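Dear colleague,

Please find the structure below, together with its sequence. A short account of selected findings follows it.

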Amino acid sequence: MLDTRLTNARFLTMDPARPTARDLGVWRGRIVGLDEEATSLPAREVIDLQGATVLPGFIDSHVHMAWTGLKAATPSVAPCERAEDVLAVVARAAAGLPPHAWVDVAGYDQRALGRHLTAAELDAAAGGRKVFLMHDSGHGCVVSTAVLDLLPAGAAASDGFLAESAMTAARRLRLPYAQDELADAVERAARTCLAEGVTAVAEAGIGGGLLGHSPVELGAYQLLRDRGRLPLRVQLMAAGDTLLPVTAHEADGMTHALGLGLRTGFGDDWLSVGALKIYTDGGMMARTAALTEPYSGTGLTGEFQDDPERIAATVLAGHLAGWQLAVHAIGDRAVDLALDALERAQRVLPRPGARHRIEHAGLVRPDQLPRFAALGVTAVVQPAFLYSFGDDYSAVMGAKRAPWMYRGRAFLDHGIPLVSSSDRPVTDGAPLRAVQFMVERASSSGLPVGPAEALTVEEALRACTVAGAYACHWEDSAGTLAPGKRADLVVLGDDPRRVDVSRIAAIEVVATVVDGTVAAGALT
C-alpha cells in the first residue's frame, strides 16, 4: 500500500525515458511508480493536485547557509546609497553595546556609494568599537581602527577596506561562532530555500577559507540532524585550508587529508560530505576576480587568494587524497589557473570519474571551453548574478567580454555539464529566477547580457535538477522523478514551459516535498 498517491498533476519528470506523467506514488519517502504503476496500488492518502505542475525538487549546488541565516539576523545597510545613511545604521547597531563589543553589519556595497567608507568614519559612528562591515560579495569588508590595530602591520596600513586574504585575517579575529548559533542560522536559511522549492543544497565551504565560521562547523549541521531540525538535504564542502599534512602509507599516495582521512561521499541521504572547496580569486562585485585584461576604466586585474603555486599544490593534494574538487574561479585568469591545476592533477593521478567542478566560471574565454570539456569539468554558475548585477558587470567587462559572462549555451554546446546555483545570500536565491534569466538573458533593467548564451526552458530546468544531482553525485537518488528515487518534489502553480518567459520567476511555489512529506506550503 502506498503512503500517498499524487494525482491529476502535470509531472515533468526530467527523465527522457518518461518525460511526463499524471500520477505518482510514494512509499517510505521514495517514488514507487508513475501513472499505471501508481494507480494500480491502494494508497492511504490520495491528493488531487488539481492540474498543478510538479518537478523534481530544485538542487542548489552552491550556497552559504550559515552566512545566509546570520545575515538575515544582522543589521543591514542595504539599500543605503549615501555614506551618511550607512554610518547612521552602524551607529544604531553600536548604540548600547559595551566598548569591547564587535559591531557586525551586513549589506555593504561600495558601488551604491561611489566609494569605500573608511576606518575613521566607522570609528566616529561606532564610538571606537570593533566594526566589521561585510561586503555583499563575501570578498571584502570595511573595518574600524580597533580591528586594524589587531591585524599584522601590512593590513593595519589599510584605510579600512580589506579584501580576500586580508578580510579572512579580520574574520578570524571574530571567529568562532558557537555551534548552536550556527545551527539556528542554517535552519533559518533552510526554511527560505524550501519556500523557493529547493530540497537539497551544497554548502560551499565550511571550517575555513573566506566564509568558514568555526573549525568545528560541521557539528552545527550534525546538531540539526540529531535534533530533527534539518529540513532539507545538505552536502558539505570542506574548505581547502582544512586539509592537513599527513604521513599515510606510501601506497595511498596522500600527502594531505582531513582528519581520519574523511573525503567526498561520507554521510547519508540527509547530511553528507561533498567536494573540497578551493579558492583561486575574488569576486566581480569587489573587483577582485582575477582577469587577464583590466576591468574597463581601471588598471585593476583582480587578485589571487594565495600564491598560484600553493593553490595548485592544494588542488593536487586534494585530488591525490580522493576528493572531488570545487575550485572557485570567477575571472578568466583564475579559470586558467584552475584548469592548469586540474590538468596537472589528472596527469599525476588519472581519476576520470572525479567530477571536479569550477565554481562560478564567471568569465570564460572561448579558448577555455575546449579545456573544460577535455578535463570533464562541471561548470557551476550563478545566473541570478547577471539578473541582479548584469548592468554593472557588463560595464566593467566591456562589449568584447560581456558575452562571456556566466555562460549557458556555450557550455552545453561543448558537452560541459552546466549547473545552476545561487551562491545565496549574495543575491536572489530563487531557482525560478535563475531559470528565467537563463532563458531570456536580461538583467533586472532589461539589458541583454550575452543573448547568444540563452537556453531553452527545459535546458534551464535541467540545470537546476538533473545537472545539480550529477554535480553532487546524487544522480541515483535525485534530479528526476523515477521509481526508486527520493520523493523530493516541488509543486508549482504553473508550467514554466507554458507561461511567458517574463513570468517564470513569478510562478507560485505551492508546496515543497522532502522525503514524501510536505516541508513548505500545502498540498490540500
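At what angle do helix H16 and helix H17 pack, and how far apart are their axes? This is a predicted model, in which local features need pLDDT of at least 70 and side-chain atom pairs count only at pLDDT 80 or more, while totals for chains, interfaces and linings use all residues. Residues are numbered from 1 along each chain as its sequence is written, and side-chain values use heavy atoms, without hydrogens or water.

Helix H16 (residues 431-440) packs against helix H17 (residues 457-464) at about 140°, with the axes 9 Å apart. Axes are lines fitted to C-alpha atoms, for helices over the stretch in contact, and angles run from 0 to 180 degrees between N-to-C directions. Helices are DSSP runs (H or I, at least four residues), as are strands (E, at least two), numbered from the N terminus. On the H16 side, the contact (heavy atoms within 4.5 Å) is made by Pro431, Val435, Met438 and Val439; H17 contributes Val457, Ala460, Leu461, Ala463 and Cys464.

One runs from Ala78 to Pro79, with omega near 0°, and Pro79 sits in the loop between H2 and helix H3 (83-94). Another joins Arg424 and Pro425, with omega about 15°; Pro425 lies in the loop between strand E21 (418-420) and H16.

Asn8, which is not a glycine, has a positive phi near 55° and belongs to the loop between strand E1 (2-7) and strand E2 (10-12). Asp515, likewise not a glycine, has a positive phi of about 60° and is located in the loop between E23 and E24.
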